[in-house]
Amino acid sequence: MATKYIKTKRLRVLPGFKLTLGFTLFYLGLIVLIPLSAVFWKTSSLTWNEFWHTVTLPTALASYRLTFGASFLAALVNACFGFIVAWVLVRYQFFGKRLVDALVDLPFALPTAVAGITLASLYAKAGWIGQWLDPLGIKVANTQLGVFVALTFIGLPFIVRTVQPILEDLDPELEEAAASLGANRWQVFWRVIFPMLTPALLTGFTLAFARALGEYGSVIFIAGNIPMKTQITPVVIMGELDMFDYAKATAIAVVLLVVSFVLLLSVNVLQWWTNRHNSTSLA
Amino acid sequence: MTPVAPSLHLPSRPGHRRANSESPGVRRLLIGVALAFLSLFLFLPLISVFAQALAKGFHFYFQTIRDPMALSAIKLTFIAAAIAVPLNCFFGVCAAWTIAKFEFRGKNILLTLIDLPFSISPVISGLIYVLVFGAQGWMGLYRNADHPAWPWLANWLNEHDVRIIFAVPGIVLATIFVTFPFVARELIPLMQAQGRNEEEAARSLGASGWQTFWRITLPNIKWGLLYGVILCNARAMGEFGAVSVVSGKIRGETNTIPLHIEALYDDYNFTGAFAVASLLALLALVTLGLKTWVEHKQAALSETDIFP
């Protein structure tokens, strides 16, 4: 007991613990936690039946299907192509590699409204890409496919940036060992490299999926926001807000919030598990 | 972007290559697939922003940007960023100091809570401030209550007609919320990796707390801090969803640059919308350039470091 006390005392040679922790908690509470709690306050003004009725309205249900479906597909496509991009950037040399590497973060840096109008104009009937797809009978603007395209754009960096550092740190000796034991390249990839990258890939997938669920700016221009067809959940919330029906808007927001929190939690658990796993395997 | 012969960079021992790297054909295929995907989803959109912005020539471009409505949007965007970025920067340093330099219970919970705004939809980020400050929200109910607690506060709010939602303060608050974690997220892992040995050494040699921070900690984290500030600023100036909920979109008054772009687009003034959008696209490119430069600097700094 006494040694424990001395130890904690000694850890705090540095000043400012109470001050910085105090400010951190104060600012966190003021900006994030108190406003966020208003969501649950507003929801509690509805009875359970009213709440259930609101969150299961046909327009809301259709929006969940579209939002979750398109986000999942977009994250899946990004997991596949993002993995290839990360692989190419880490393992190969080619002209313009550094420029490409820097530009991968464009969807993080480009404001969503700019991305939105750009994608909408590219995939419009007369747009740069749309004019080639239109004769083939593929319509992107004002369809669910458009939602998917926008969500793919904004989710792109997540996979690349989570897989890339892990791939860089992989010990080449493991591959060499596998190869020297007679494994061919394909076996080395699937049995040695891929399993080590799976946690990063899963984390990146979840982050891209979570980001896509809440996305608004880049989707609304290309989607056309037709109720029951191309309306994503944030647009449904926005629609209720425009009609000043805050209770309804909040009820649907709660559904989206709960899913986001679960995803955030699973990312944290995943990372915690990976860290633990790595540290035990090193020991 | 044509790939150069990749075999130049390979170890030349035959046999080694087969199991330790892919055949040249597979390499070229993978590079081709990656570049094709990125061209479709990144490069083409980027080029098209500038091409469409200048579709009606430079005269129209500058006319759109110098329009009073556009200038007012630019001004408001700068105001919001000028308030949000320093506040979140200060918070980020405080949070990183307390989390990286001290041990306490509930640290992981605190870390998760700091990350919260990243996982919340922009529309909901705006909504929560409407619920707090809107007419049907806490502040509205308080102002119209028959017997409010602290009647002087209710009177003061009513007398001065304090408006937060559909006004500038709401935009600033929403911007602070969505950019909340950026600086903290950059600094926490960096300061955790650096540990507290250097600071403790400085303290034991008689430096005061402030001296330790200014002379030891700050030089160590300056590139990470700059990195966080750059990302925070980019998001602050580009935020659309959250600001769109709280702004009310009064042209010339509560429109930020992204909202002005939407207004022009909804007016079918596409070239105008892209002209203003090109400003933000330029900002994005500058952000990426600075980010790459800072990453380079930070890597150089950590290479020369002599951590025990």
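Modeller: In this predicted model, L265(A), V269(A), W272(A) and W273(A) together make a nonpolar surface patch of about 460 Å². One of these residues, W273(A), lies in helix α14 of chain A, which spans residues 246–282. W273(A) has a relative accessible area of 44% and therefore counts as partly exposed, since that class lies between the limits of 20% for buried and 50% for exposed.

The boundary between the two chains can be described next. Contact there involves 89 residues of chain A and 95 residues of chain B. About 8500 Å² is buried between chain B and chain A, and carbon and sulfur atoms account for 79% of it. As for charged pairs, 2 salt bridges are found across this interface. In a salt bridge between D105(A) and K291(B), the closest N and O atoms are 2.5 Å apart. Polar contacts between chain B and chain A number 13 residue pairs, both residues being at pLDDT 80 or more. On the side of chain B that touches chain A, helix α2 (residues 24–53) gives the most, with 20 residues.

E200(B) belongs to helix α11, which covers residues 197–204 of chain B. With a relative accessible area of 22%, E200(B) is likewise partly exposed, because the limit for buried is under 20%. E200(B) and V33(B) are 167 residues apart along the chain, and their C-alpha atoms are separated by 51 Å.

Conventions:
Residues numbered from 1 in each chain as written. Chains lettered and ligands numbered in written order. Predicted model: local features only at pLDDT ≥ 70, side-chain atom pairs only at ≥ 80, totals over all residues. Heavy atoms only, no water. Patch = residues over 30% accessible without salt bridge, like charges linked within 9 Å, V, L, I, M, F, W, Y side chains within 5 Å. Areas by Shrake-Rupley, 256 points an atom, 1.4 Å probe, with all protein chains shown as cover. Salt bridge = Lys/Arg side-chain N within 4 Å of Asp/Glu carboxyl O. Helix = DSSP H or I, 4+ residues; strand = E, 2+ residues; numbered from the N terminus. Buried < 20%, exposed > 50% of the residue type's maximum accessible area, 1.4 Å probe, protein only. Contact = heavy atoms within 4.5 Å. Buried area = accessible area lost by both parts, 1.4 Å probe. Polar contact = N/O pair within 3.5 Å; in protein donor to acceptor, adjacent residues only side chain to side chain.
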